[in-house]
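Reader: I would like to learn how to read the features of a model like this one. Could you take me through them step by step?

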Amino acid sequence: MKLCTIMREGTPTLGVKTEAGIIDIAAALAAHPNGAVSADIMEVIAGGEAALKALSEYVGHLPLAGNPAYVLDEKAVKWGPCVTRPQKIICIGLNYRKHAEETGSPIPQFPILFSKFNNSLAGHLDEIAVPKVTEQMDYEAELAIVIGKRAKHVAKEKALEHVFGYCNADDLSARDLQMRTPQWLLGKTPDGFAPIGPYLVTADEVGDPNRLEIKAIVNGEVRQHSNTSDMIFYCDEIVSYISRHMTLEPGDIILTGTPEGVILGYPPEKRVWLKPGDTVTIEIEKLGALTNRLVEEK
């Protein structure tokens, strides 16, 4: 299934992508009540297979003829982050071989972990402000893992059983702030610096997450074009490794790193940093395309 978040008067509610359009689950439940179905994406994630089955059966039996009010054209949707209230947003640094090489960094022996916070979440088509405090804003196309079952000391062989699904993410980075100190946090957590979506695609639809084409497109120009097979640490290794150090909870998001082609990887004289008016699209095979326009901070 492809799930999403619809913003209705500032309140997030669950959407499901179908051939007919995006089903607004809250509006559908108002017309066709079903106590087994939730309109909260976090409750669906936490509910696992049972919640997904109930949701799938409900959507499958909804009357769609006659353009009911709960069937939305995608062009009319106000998108929110496809995961709304993660307990943790964990990011992996330097996780593609060619990206490590382009930045002159050694290949990591262990996954490099850092974090973002919920203030950095944004949705598809959200405008994202370029902070006044940076002159070096960069894009990073990333595959995001969304945890579906609590994971603690999980073996690599069992790790993907704890994954609910996957989505596009842009690990936006203010490089001057990131490199100001040995800790990257400041350059990674400004408001809106973790857009995700538009869809949260369930793991069964994605299949092998380590064989997905991934792109970043800036103002129509392809800047990154790679495959998740270039990861140093694959998705199962990442989930297992993190779970040995902290408990992963349903709804936690893991950004798995970015391939080569970021602005930081260019020679200094060729670096043209992101600016207001630029449009960035992150496109990953099977996950759709996440687009955001940058604007001046007010």
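This is a predicted model: local features need pLDDT of at least 70, side-chain atom pairs count only at pLDDT 80 or more; totals for chains, interfaces and linings use all residues.

Reader: What distance does helix 2 span between its end C-alpha atoms?

Author: The span can be set against that of a straight helix, which for 21 residues would be 30 Å at 1.5 Å a residue, whereas helix 2 spans only 20 Å between its end C-alpha atoms.

Reader: Which residue caps the N-terminal end of helix 2?

Author: Asp40 is the cap, with a side-chain oxygen that lies 2.9 Å from the backbone nitrogen of Met42.

Reader: Where is Asn67 found, and is this residue buried or exposed?

Author: Asn67 is found in the loop between helix 2 and strand 4, where its phi is near 50°, a positive value in a residue other than glycine. Asn67 counts as exposed because its relative accessible area of 73% lies over the 50% cut-off.

Reader: And is Leu94 buried or exposed?

Author: Leu94, in the loop between strand 6 and helix 3, has a positive phi of about 50° although it is not a glycine, and at 15% relative accessibility Leu94 counts as buried.

Notes. Residues are numbered from 1 along each chain as its sequence is written. Side-chain values use heavy atoms; hydrogens and water are left out. Helices (H or I, at least four residues) and strands (E, at least two) are DSSP runs, numbered from the N terminus. Buried means under 20% relative accessible area, exposed over 50%, partly exposed in between (1.4 Å probe, protein chains only). The expected span of a helix is 1.5 Å times one less than its number of residues. A polar contact is a pair of N or O atoms within 3.5 Å; within protein, one must be able to donate a hydrogen and the other to accept it, and residues adjacent in sequence count only if both atoms are side-chain atoms.
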